[in-house]
Amino acid sequence: MKTLAASLTLATALAVMPQMAGAQDYPTQPITIVVPFTAGGPTDTVTRLVAQAMSADLGQQIVVENVGGAGGTLGAGRVAQAQPDGYTLLLHHIGMATSATLYRELPFNALEDFEYVGLVTEVPMVMVGRPDLEAETLEDVINFVREGGEDVMYANAGIGAASHLCGLLFMEAIDTQMTTIPYQGTGPAVTDLMGGQVDLMCDQTTNTTPQINEGSIKAFAVTVPERVESLPDVPTGAEAGIDGFEVSIWHGVYAPKGTPEEIVQRLSQSLQVALADETVIARFGDLGTVPSPAEDATPEALQAKVQSEIDLWRPIIEAAGVYAN
Ligand code: MLT
């Protein structure tokens with residue numbers, strides 16, 4: 001019996017040894033971070049800034065791979081099915097939680113298929129319009145939408161995207177529907193807004209602050225209780241006279257379920273180093289946001305955030321009755 005026990009212990013040790021060895025000298029090869037939207041949008045911008053700082057800390061190249069589609073759920077599903085070896089990660093936003101209600105069929109479960117690395121940042125949104133839109137205030141925009149209804153073109157990055165959620169809140173608040181034009185990310189959407197191909201969009205300040213400040217799109221209200229430092233002249237929704245138009249877009253880093261704990265902890269530690277990096281802090285500030293504090297760039301904080309946000313958004317989405325499938 002003793003020999004059998006000894007051989008089982010040895011077999012177990014041999015089975016986990018590669019993972020243990022991998023965890024101890026991780027990372028030994030380039031890491032991929034999947035962004036579930038096209039390049040050039042706010043999720044991509046945040047990821048590339050953080051990836052550069054994490055790469056310096058980890059001493060390994062980090063490749064950003066854009067996998068757009070279905071409001072971020074295609075990219076998230078890709079990572080859920082990836083090898084749990086620490087070399088394929090996901091940086092996603094609030095859509096990780098809202099898709100749990102919006103999508104009745106999903107290629108992943110946000111609470112079962114991932115290891116949580118940590119929160120990255122929480123970004124305000126801003127209602128913006130094409131440069132020649134006949135509106136100067138949010139009240140003008142509300143009148144424009146109420147008069148135009150479904151003739152008004154509202155751009156977003158698909159159901160479940162932050163731009164979708166913001167539009168949902170806005171249309172619920174004014175009790176008027178616009179026609180939604182979905183993109184693979186709000187990078188290309190803001191380009192079409194600048195060109196006048198669409199009328200309105202609600203996007204993160206990380207993807208609109210430069211365009212607003214140079215006058216190539218119009219800004220009407222931010223979706224947070226206080227004005228945004230990099231957009232001092234843009235009123236809050238409350239100041240502009242609209243209730244219930246508040247949402248800020250938190251972002252987190254995830255790894256596939258089963259990624260060794262030592263690797264997850266090393267990644268959380270590296271994320272905290274990146275979020276304390278002066279360049280990251282400065283660039284986030286230019287774009288209207290700040291890095292999450294170190295205590296939030298942890299697995300426990302991100303897991304709690306995902307759970308609480310699923311619970312928060314479920315009744316809001318069910319009341320709106322908008323589902324992706
Ligand atoms: C969103 O609307 O979810 C994001 O802005 C999409 C993106 O990052 O491109």
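1. A disulfide is a pair of cysteine sulfur atoms within 2.5 Å. By this rule the count comes to one disulfide. The model is a predicted one. Which two cysteines form the disulfide? They are C166 and C202, and their sulfur atoms lie 1.9 Å apart. That distance is within the 2.5 Å cut-off, so the pair counts.

2. Look next at where this link sits. C166 belongs to helix 6, and C202 belongs to strand 7 (residues 200-204). The pair therefore ties together parts that are 36 residues apart in sequence. Buried or exposed, C166 and C202? Both are buried. The link of C166 and C202 is right-handed, with 50 degrees about the S-S bond.

3. Now the domains. The protein is divided into two parts: domain 1 (25-123 + 248-320) and domain 2 (124-222). Note that domain 1 is written as two stretches of the chain. Taken over C-alpha atoms, the centres of domain 1 and domain 2 are separated by 25 Å. How many residues does the contact take from each domain? Domain 1 gives 31 residues and domain 2 gives 25 residues.

4. The nonpolar cores come next. In soluble globular proteins, nonpolar side chains tend to be buried together. Here the largest nonpolar core has 51 residues. L138, V141, V145, F170, L200 and Y254 have the most contacts inside it. Helix 6 (residues 162-174) supplies the largest share of this core, with seven residues.

5. Leave out residues up to four places away in sequence. Which residues does F170 then touch? They are M127, L138, V141, I142, V145, M178, I242 and F245. Three of these names, L138, V141 and V145, return from the list of residues with the most contacts inside the largest core.

6. A pair of aromatic rings is described by the distance of the centres and the angle of the planes. The count comes to five aromatic pairs. Take F114 and Y254 as one of them. Their ring centres are 5.7 Å apart and their planes stand at 65 degrees, so the pair is edge-to-face. F114 counts as buried because its relative accessibility is 1%, and the cut-off for buried is under 20%. Y254 is also buried, with a relative accessible area of 0%.

7. Y254 has a further partner, Y116. The ring centres of Y116 and Y254 are 5.9 Å apart and their planes are at 65 degrees, so this pair is edge-to-face too. It joins strand 4, where Y116 sits, to strand 9, where Y254 sits, and the two residues are 138 residues apart. Y116 and Y254 are both buried. Which residues do ring pairs link into a cluster? F108, F114, Y116 and Y254. Elsewhere, a charged side chain meets a ring: R104 lies over the face of Y323, 3.9 Å from the ring centre.

8. Check the backbone as well. Y26 and P27 are joined by a cis peptide bond, with omega at about -5 degrees. P27 lies in the loop between helix 1 (2-24) and strand 1 (31-35).

9. Two residues have a positive phi although neither is a glycine: A70, at about 55 degrees, and D175, at about 55 degrees. A70 is in the loop between strand 2 (62-66) and helix 3 (73-80). D175 is in the loop between helix 6 and strand 6 (179-182). How exposed is each? A70 counts as partly exposed, at 35% relative accessibility. D175 is exposed, with a relative accessible area of 70%.

10. Last, A320. This residue lies in helix 11 (residues 299-320). A320 touches L168 and E172, not counting residues up to four places away in sequence. The C-alpha atoms of A320 and R130 are separated by 27 Å, and the two residues are 190 residues apart along the chain.

How values were computed. Residues are numbered from 1 along each chain as its sequence is written. This is a predicted model: local features need pLDDT of at least 70, side-chain atom pairs count only at pLDDT 80 or more; totals for chains, interfaces and linings use all residues. Side-chain values use heavy atoms; hydrogens and water are left out. A nonpolar core is a set of buried Ala, Val, Leu, Ile, Met, Phe, Trp, Tyr and Cys residues joined through side-chain atoms within 4.5 Å. Buried means under 20% relative accessible area, exposed over 50%, partly exposed in between (1.4 Å probe, protein chains only). Helices (H or I, at least four residues) and strands (E, at least two) are DSSP runs, numbered from the N terminus. Contact means heavy atoms within 4.5 Å. Rings of Phe, Tyr and Trp (its six-membered ring) pair if their centres lie within 6.5 Å; planes under 30 degrees apart count as stacked, over 60 as edge-to-face and the rest as tilted. A charge sits over a ring if NZ of Lys or CZ of Arg is within 6 Å of the ring centre and within 35 degrees of the ring normal. Domain bounds come from an automatic or database domain assignment.
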